[in-house]
Amino acid sequence: MWHHIQHKMPSASANKFAETLGEISKPSGRVGQVNVHLFKKAKQEWEFLNHTIDVKIKMQDKMYCPPCGKRPIMGSSDGIVKLMRLKSAGAVRKSKNERPELQTEKPFYGDAAIKSDEAVKARRDLIYSKIPRTKQKEMCGGSVFKAARIDSGKDHKSDETGLIVSGCRHGMVKGAINMHHGETFTHTHFIHHVSWKQNCQFFCNDVVCKYWKFAIRVGKVFPQFMPMVNEMGGFLPRMHAKAHYLTCQVLWNVHWKKRTALTIGEEHEQVFSRMSQFGYVTKHMTKTNRENFLSAEFFYWNKRKLFRMPKFLRNRLLKVRILFYAVFKT
Ligand SMILES: [Zn+2]
Ligand SMILES: [Zn+2]
């Protein structure tokens, strides 16, 4: 029950739920309290066991979107800063209470949903070894949505400052990485590479017009990344495109790209509107707990999306038919 409550009610408190369980079982003769820490740990272990059954026995791929198939139209990338984690979270007041094993604890789900920080750091270091860092803002038009940078400064209060999430055109999560500073083009490049490995045809980003130049620059220095640019196209999400210069609105608008099939490019915002509610919880978690929790939440989200997919696809088809007949009925 707690598994569903936690994922459906973002502000629900595990402590209060355990207390409630204690209150319910007291009249039936329970002695002592429900141990909150054990309760939380047991729930995590139970969730991971279920995940392992799904993956190893039922052979499910939790990040696979059946309507997209093996050649998805779009992989997107955008940052969500509300899923941050405070540096002070999990810190002890007295050094004698320090538990070194917590520092080396690995997340249960590995990089099934959230890619490892080491891999992201290695990629960023590789790019910065040949391309110099700059604090210059890469903006286009009067863009109020985004202030993308090739590099960014540090946030002293937070350890993880947020998450960059990649989604498909059906609103399913395909992967994510942690941010430890602001969102930069090197982060976007990592997610772009993830989308390329997933065989996506297009990459969608809020400042793709500026990012694409960066991706070509990286491809010229590191030829192994050039196919990402040559084999994929890029486009702007429909709403964000409105804030770009007129030339971008023509050249990079998803509406004018062939084989994009009425993709909006804002589908990941659905994920964000849900995920941002967990910010109150994740900012006080330890690093491993946060990653376990968010990975489980992504799997839960994708599972729910899959259940609703038939109705969603049917409605979408209906809308396309109405549009088609409105335009071509004469
Ligand atoms: Zn999809
Ligand atoms: Zn632009």
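These are my notebook entries on a predicted model, looked up piece by piece.

**Ground rules.** I number residues from 1 along each chain as its sequence is written, and chains are lettered from A and ligands numbered from 1 in the order in which they are written. In this predicted model, local features need pLDDT of at least 70 and side-chain atom pairs count only at pLDDT 80 or more, while totals for chains, interfaces and linings use all residues.

**Confidence.** I began with pLDDT, the predictor's confidence in each residue, from 0 to 100. The chain averages 87, and 95% of the residues score at least 70. I found the lowest confidence in strand 4 (residues 148-149), with a mean of 54, and the highest in strand 7 (residues 202-204), at 94. My helices (H or I, at least four residues) and strands (E, at least two) are DSSP runs, numbered from the N terminus.

**The sheet.** Next I looked up which strands go together; two strands pair if DSSP finds at least two bridges between them. I found an open sheet of 3 strands in the order 2-5-6, with antiparallel pairing. Strand 2 (78-80) and strand 6 stand at the edges with a single partner strand each, so one side of each has no neighbour in the sheet. From one strand to the next, the twist averages 30°.

I then followed strand 5 (residues 162-167), which pairs with strand 6 in the antiparallel sense over 6 bridges. Leu163 stands opposite Asn178 in strand 6, and Ile164 stands opposite Ile177. The two strands form a hairpin with 5 residues between them, and Gly171 in the turn has a positive phi of about 80°.

How many residues of strand 6 (residues 173-179) are buried? I noted 7 of 7, where buried means that 20 or more other C-beta atoms, placed from the backbone, lie within 10 Å of the residue's own.

**Helices on the sheet.** Helix 6 (residues 185-197) lies across strand 5 and strand 6, running at about 155° to strand 6. Helix 11 (residues 268-275) packs on the sheet and touches strand 2, strand 5 and strand 6; its direction makes about 145° with that of strand 5. Angles run from 0 to 180 degrees between N-to-C directions, and axes are lines fitted to C-alpha atoms, for helices over the stretch in contact.

**A helix pair.** Last, I checked helix 2 (residues 14-25) and helix 3 (residues 36-57), whose axes come within 10 Å and cross at roughly 110°. That makes helix 2 roughly perpendicular (65 to 115 degrees) to helix 3. Ala14, Asn15 and Ala18 in helix 2 meet Val36, Phe39 and Lys40 in helix 3; contact means C-beta atoms, placed from the backbone, within 7 Å.

Note on methods. Buried ≥ 20, exposed ≤ 12 C-beta atoms within 10 Å, placed from the backbone. Parallel < 35°, antiparallel > 145°, perpendicular 65-115°, else oblique. Contact = placed C-beta atoms within 7 Å.
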